Amino acid sequence: MTRLLLLSLVAAWIASGARAQERTLPSAVPAALAAGDCAYGTAEQFLDVGDVRAALYTTGTLFRRESTATYTVPYTPGVESAGALFSLNLWVGGEVEGAAHIAGATYGNWEFWPGPLDGDGETTPERCAAFDRIWRVSFDDLRSVTADGVGPLTNPDLIGWPIAHGAPYFVDVNGNDRRDASEPRLTLGPGDLGYSLTPGEGATLNLAAGERPDLVGDQAAWWVMNDNAGPHIRSQGDPLQIEVQVLAVAFDASDLAISQSTVYEFTVINRSPVPIDDARVSFFLVPQIGAYGDDFLASDADREMLISYNRTEIDKHYGTSPPALGLDLLSGAYGTVWVDDEMFDFPNAPDLDRPSAMRNAQASLWSDGTPQTRGGFGYNPDSTDVTRWRFDGDVIRRRYWTQEQPRSPSGTRSEMSSLLNTPAQTLAPGESRRVDLALLFAEGGLRDGPGSPDRTRFHNVARLFDISDAVQAAYDAGGTTAIRSASVAYTPPPPLPASPMLLAPDDGADYDEALPDSLMFSWTAVEGAEGYHLRLGAMPDSTRSIYTRGTSHTVPAQGLPFNMRTSYWTVQATNWGGDGPAPPARSFSYFRYVYIPEALTVAGLGLAFVEVVGPGGADPCGTEAQSTVGCAQIGANGIYQSHNSTGDYIGTAIGTGPEASLPAFAPRDYEIRFTEAGSVAYYGLTSGVAVPVPFEVWDIGVTPPGTDNDPDDDIQMVPVLFADGPDECVFEYGGPSQNGTGPTTQRIYAYYAVEDYAAWEEAIAPVVAADPNQCPTDPATAAASSEIDFDRGRPLQRFVLEQNAGGVDIDGLAGTVIRFYTTDPSPAPEEASPEPTPVPEPIDEPTLAVQPNPVVGAATVPFALPISATVRLRLVDVLGREVAVLAEAPYEAGPYEARLDASSLAAGVYVLVLDADDQRLTQTLTVLR
């Protein structure tokens with residue numbers, strides 16, 4: 001058949017109106033209809049052309065099923081890539097005869113099922129199962145069709161494109177396989193010739209006559225679902241009896257931004273016999289730009305877009321310059337509101353049922369119907385500054401109201417789900433409404449042009465605005481089919497601002513005597529700056545900052561670094577293009593000791609630390625120490641690797657109890673003292689055996705910073721042992737290694753005696769002395785146990801000693817003291833007077849350290865190599881997952897320093913791992929927030 005004859009037949013077919021008949025509406029039926037009792041859909045399909053891979057499902061949710069989330073961009077087949085969001089769920093709600101009806105879910109219990117509804121708004125399990133599929137075609141499939149409509153048709157979804165059930169198609173009159181402006185979209189519905197509720201029946205695509213699926217882009221997927229096939233468990237609402245047809249589209253365009261975008265057409269049809277008033281379509285977004293829990297949300301009312309972007313300049317998965325994502329309602333939006341899985345547990349409104357709360361959310365209101373107000377959390381019934389758009393300020397310039405404002409809820413939740421809403425509309429029986437949504441992505445990376453600095457997160461938000469403008473303009477001119485040809489013109493970033501001049505306080509200012517209630521920092525204005533970062537911290541290059549738009553900022557005492565002898569400050573001018581250079585930091589002294597249990601326990605160890613003093617009071621980090629692992633922790637040793645000054649053993653904690661959190665026993669400090677006489681320990685948790693041990697355990701009270709321990713308040717405690725093996729007759733090495741060096745001792749606990757330790761030992765000593773090697777279990781042992789207060793103590797729970805390579809016997813440790821500080825700040829080193837840089841001495845062994853530790857912002861990671869080696873220095877979390885690589889290259893022998901930026905890390909314990917050829921060193925560090 002010639003192309004001319006084909007076009008003639010197509011034109012005649014269109015004129016006949018064979019499939020363009022008027023729809024016939026179903027007759028009225030009772031409003032109370034039984035649900036179809038269908039199973040959830042299991043179909044899964046992917047958009048995977050261009051630079052996106054997006055998972056699609058038939059349950060009303062996009063991109064996520066159970067714990068698996070897939071919206072990957074940029075996407076490279078076969079390469080594991082970062083995800084740009086967690087999930088996106090459809091909500092449809094309205095008023096039916098004055099009652100709130102809604103279908104919508106958050107994280108589960110989906111409220112849509114596969115398949116269309118019949119003229120009575122009902123379905124069956126058989127129909128649901130038959131329609132549990134997603135049809136997908138690509139432009140490459142269309143190009144394989146020859147003039148006779150056959151060709152190498154390898155995709156069954158092309159041949160079976162479900163036009164009989166409502167899938168959009170068109171007649172390709174000009175033969176370019178794309179729908180042009182002169183080629184209308186065609187769809188079939190109830191009453192149209194060829195429409196069917198049974199898969200495989202009804203009209204089929206006539207490829208020979210030029211009929212083609214309306215892809216809109218370069219790949220399209222289509223499916224149909226409904227809300228009346230099962231109970232609404234999540235929303236607790238009644239079904240609306242709606243059918244939803246979805247066309248999901250991806251692009252392989254010449255503009256990268258378009259290839260990194262996807263578009264979704266949702267056609268909502270009222271299949272019930274009664275009108276749906278105030279009908280709204282909404283989208284529940286769970287953001288996740290790369291790593292979980294480090295995102296901000298914003299609204300752009302002018303562009304009718306919900307924005308997700310990173311709250312810091314580094315993302316664990318995307319790296320530097322993390323991207324921004326936009327949920328852009330091309331067909332018109334009403335507003336946004338913040339939602340959580342408990343459906344508006346703030347404010348607490350128990351008198352509201354869930355459907356009413358969700359309907360209020362769809363109107364961009366709080367659960368109790370209170371309007372959103374600008375400022376803080378957005379709930380202030382007394383305010384008249386009302387908005388339908390949550391965080392609707394200027395993000396890139398940090399202008400009110402955004403999560404960048406200090407008093408906004410920037411870190412109150414690990415995730416901040418939000419709802420993007422459409423305007424209300426009444427849907428008559430049989431009437432449909434189409435909502436078109438674009439997911440836009442502004443990727444990170446270098447600025448245009450060689451040698452340019454990295455983009456900032458605000459730069460990528462600005463790029464997102466430009467992408468939205470281009471996509472919306474194309475859509476307004478030609479609908480979704482025109483988006484593929486859109487071209488984005490990016491607004492260039494402003495020049496980086498210059499360095500300000502620091503004014504006050506002076507360098508070296510000392511406030512230790514006066515300790516004013518606050519300090520005011522000031523600097524000169526810089527042209528082109530939108531704001532300033534006032535950086536405060538324990539190190540000159542601190543990354544902790546306070547953002548302000550003025551040229552001065554007053555910091556209250558509680559906002560200043562605490563437990564530090566010397567602190568530093570500097571200022572960087574900034575705009576959305578990036579941060580300008582900072583002048584050299586100034587120092588100031590404002591020593592304020594703070595005991596905050598909540599802060600101490602955030603990261604397990606908090607500010608607690610362990611100090612080990614060798615025999616004769618040897619300095620554990622001095623020149624005579626054989627091992628200085630841990631000494632970089634500002635003069636102390638960490639509980640996870642606490643060497644004595646001879647390197648004979650490691651003190652460590654095993655398990656996950658209070659032993660991993662010394663602040664749990666604050667504010668008292670403790671010591672294990674190895675003495676010639678030792679003391680008596682008791683297996684009170686197992687056999688009841690009492691044995692001599694070469695150490696004593698003491699509660700040494702509260703030691704104020706900068707002072708020595710007061711022995712008058714020391715309390716000797718009863719050591720209580722727990723054996724990791726069968727031998728409970730003697731305290732010894734025997735348990736498995738914890739750090740890969742040697743065996744460990746039995747676990748050491750410590751309790752208080754009811755009266756005092758001396759009285760307890762007096763009661764138990766005769767039994768031990770009578771037969772110390774036969775594990776005495778005389779009744780006197782049990783009687784003595786009653787003199788132990790088992791409701792108090794256990795500060796050293798599961799603490800063990802691990803023998804280091806070549807270590808000595810426990811009995812040879814007399815004079816060693818292990819001191820457990822629970823609240824004291826790590827002592828800051830004395831400032832040394834400037835001296836000429838010494839010539840490095842030969843390095844005998846590899847070393848690894850980190851300072852400061854704990855770390856809030858940035859840390860220095862010094863390491864040294866005795867010989868040349870290929871080095872890989874990385875940071876891993878407690879599950880062994882690699883978080884960052886700090887160095888990876890061949891190094892000559894000598895000392896080196898790496899830099900760790902911990903500002904984007906979650907609070908907790910991490911491990912630095914240094915691999916130098918066949919040698920490995922590890923160092924534990926704690927990140928505080």
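This is a predicted model: local features need pLDDT of at least 70, side-chain atom pairs count only at pLDDT 80 or more; totals for chains, interfaces and linings use all residues.
**Exercise 1.** Classify the aromatic pair formed by F63 and Y264, and state where its two residues lie.

Solution. 
- The structure holds 21 aromatic pairs.
- In the pair of F63 and Y264, the centres are 6.0 Å apart and the planes stand at 70°.
- Planes over 60 degrees apart count as edge-to-face, so the pair F63 and Y264 is edge-to-face.
- F63 belongs to the loop between strand 3 (61-62) and strand 4 (64-65), while Y264 is in strand 15 (residues 262-270); 201 residues separate them.
- Both F63 and Y264 are buried.
- Together with Y71, F63 and Y264 make up one aromatic cluster.

**Exercise 2.** Classify the pair of W91 and F284 from its ring geometry, then decide whether each residue is buried or exposed.

Solution. 
- The ring centres of W91 and F284 are 5.9 Å apart, and the planes meet at 5°.
- Planes under 30 degrees apart count as stacked, so W91 and F284 are a stacked pair.
- W91 is in strand 7 (residues 85-96) and F284 in strand 16 (residues 276-287), so the pair ties together parts 193 residues apart in sequence.
- W91 has a relative accessible area of 0%, so W91 is buried.
- F284 also has 0% and is buried.

**Exercise 3.** Locate P492 and decide whether P492 is buried or exposed.

Solution. 
- P492 sits in the loop between helix 7 (457-478) and strand 26 (502-504).
- Its relative accessible area is 62%, so P492 is exposed.
- R463 is 29 residues from P492 in sequence, with 9.1 Å between their C-alpha atoms.

Technical notes: Residues are numbered from 1 along each chain as its sequence is written. Side-chain values use heavy atoms; hydrogens and water are left out. Helices (H or I, at least four residues) and strands (E, at least two) are DSSP runs, numbered from the N terminus. Buried means under 20% relative accessible area, exposed over 50%, partly exposed in between (1.4 Å probe, protein chains only). Rings of Phe, Tyr and Trp (its six-membered ring) pair if their centres lie within 6.5 Å; planes under 30 degrees apart count as stacked, over 60 as edge-to-face and the rest as tilted.
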